[in-house]
Amino acid sequence: MRRYTLLLVDLLVIAAATVFALILRDNLEVSVDRIVQIGPYLLLTIVVSAPVLFATGLNRAMWRYSSLGDYLLIGTAVPAIVLIALALGFVLNRLEGVARALPIMQGLLMVCALSAVRVAARLRHAARGRPHSVAPSLSNPPETLLVVGLNAIAELFLRSVEEFAPDHVKVAGLLGPAERHRGRLLRRYPVVGVPEELDRVLSELEVHGVSVDRIVITTTFGQLSSTAQDALLHVEKTSS
């Protein structure tokens with residue numbers, strides 16, 4: 001039943017996007033007669049949307065975990081809906097009353113609206129699922145980490161820290177693969193250097209009162225340069 005409920009919401013969003021596209025096309029003038037005039041095209045759009053949404057699996061996706069793949073799928077499904085509705089409308093009544101700009105505006109608004117409801121669901125879930133803050137005890141201060149790598153694994157690790165240990169793990173920064181990444185942010189954490197400069201980065205952090213307890217490597221050792229490998233091995237052998 002949940003899937004059919006989500007499908008119904010999507011269909012309502014598509015209908016609302018179509019009506020709003022008509023209002024934008026008419027310079028924000030709301031006319032019941034104009035809405036009735038495009039009624040057949042609106043009905044065709046809704047009828048076509050149901051099987052397309054079923055075929056793409058958008059109604060089965062969990063909105064609170066929506067990702068880039070879901071938004072790209074929306075970008076694929078919407079043009080298919082609009083093109084099929086246009087073809088059927090042309091056969092039915094030669095698209096009487098449908099302005100040429102309407103399908104373009106309709107498609108853009110449908111993509112934005114379908115993506116927006118999924119983003120809203122994800123934000124709502126994130127707000128509800130945020131753990132209550134528990135301050136670390138004085139005997140157990142937060143562990144300070146330095147993350148080596150800029151990739152999906154690094155992002156997953158940072159998300160895990162935010163989700164499960166925001167008060168017990170502190171990320172001092174990241175080491176990126178290239179100099180051009182210095183100063184950039186990944187999930188609000190700064191890139192403070194490159195792995196080849198590990199000794200210098202640790203010294204600079206200590207100057208600012210940040211003592212790194214652990215280095216987390218989110219890439220395979222072989223993907224690092226020989227200089228970066230030597231720097232990591234040196235720190236491993238000469239420090240705790």
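The model is predicted, so local features need pLDDT of at least 70 and side-chain atom pairs count only at pLDDT 80 or more, while totals for chains, interfaces and linings use all residues. Residues are numbered from 1 along each chain as its sequence is written, and side-chain values use heavy atoms, with hydrogens and water left out. The chain has eight helices and five strands; these are DSSP runs numbered from the N terminus, with helices (H or I) of at least four residues and strands (E) of at least two.

**Overall build**

- The order of elements along the sequence is α-α-α-α-α-β-α-β-β-β-α-β-α.
- The C-alpha trace spans about 80 × 40 × 35 Å along its principal axes.
- The radius of gyration is 26 Å, whereas a compact globule of 240 residues would have one near 18 Å; the value is taken over C-alpha atoms, and the globule rule is 2.2 Å times the number of residues to the power 0.38.
- Of the 240 residues, 36% are buried, where buried means under 20% relative accessible area, exposed over 50%, and partly exposed in between (1.4 Å probe, protein chains only).
- Of the contacts between residues at least 6 apart in sequence, 73% join residues at least 24 apart; a contact means heavy atoms within 4.5 Å.

**Charge**

- The chain carries 23 positive and 20 negative side chains, and the centres of the two sets lie 9 Å apart.
- Lys and Arg count as positive and Asp and Glu as negative, with His and the chain ends not counted; each charge is placed at NZ of Lys, CZ of Arg, CG of Asp or CD of Glu.

**Helix H7**

- Helix H7 (residues 198–207) has Leu198, Val201, Leu202 and Leu205 buried.
- These residues lie on the same side of H7 because they cover an arc of only 100° around the axis, the arc being that of the directions from the helix axis to the C-beta atoms.
- The cover over the buried residues of H7 includes strands S1 (143–148), S2 (169–175), S4 (189–193) and S5 (214–217), along with helix H8 (226–238).

- Leu233 lies in helix H8 and counts as partly exposed because its relative accessibility is 34%.
- Between Leu233 and Gly39 there are 194 residues of sequence separation and 70 Å in space, C-alpha to C-alpha.
- Leu44, in helix H3 (residues 39–56), counts as buried because its relative accessibility is 17%.
- Leaving aside residues up to four places away in sequence, Leu44 touches Ala85, Leu88, Gly89 and Leu92.
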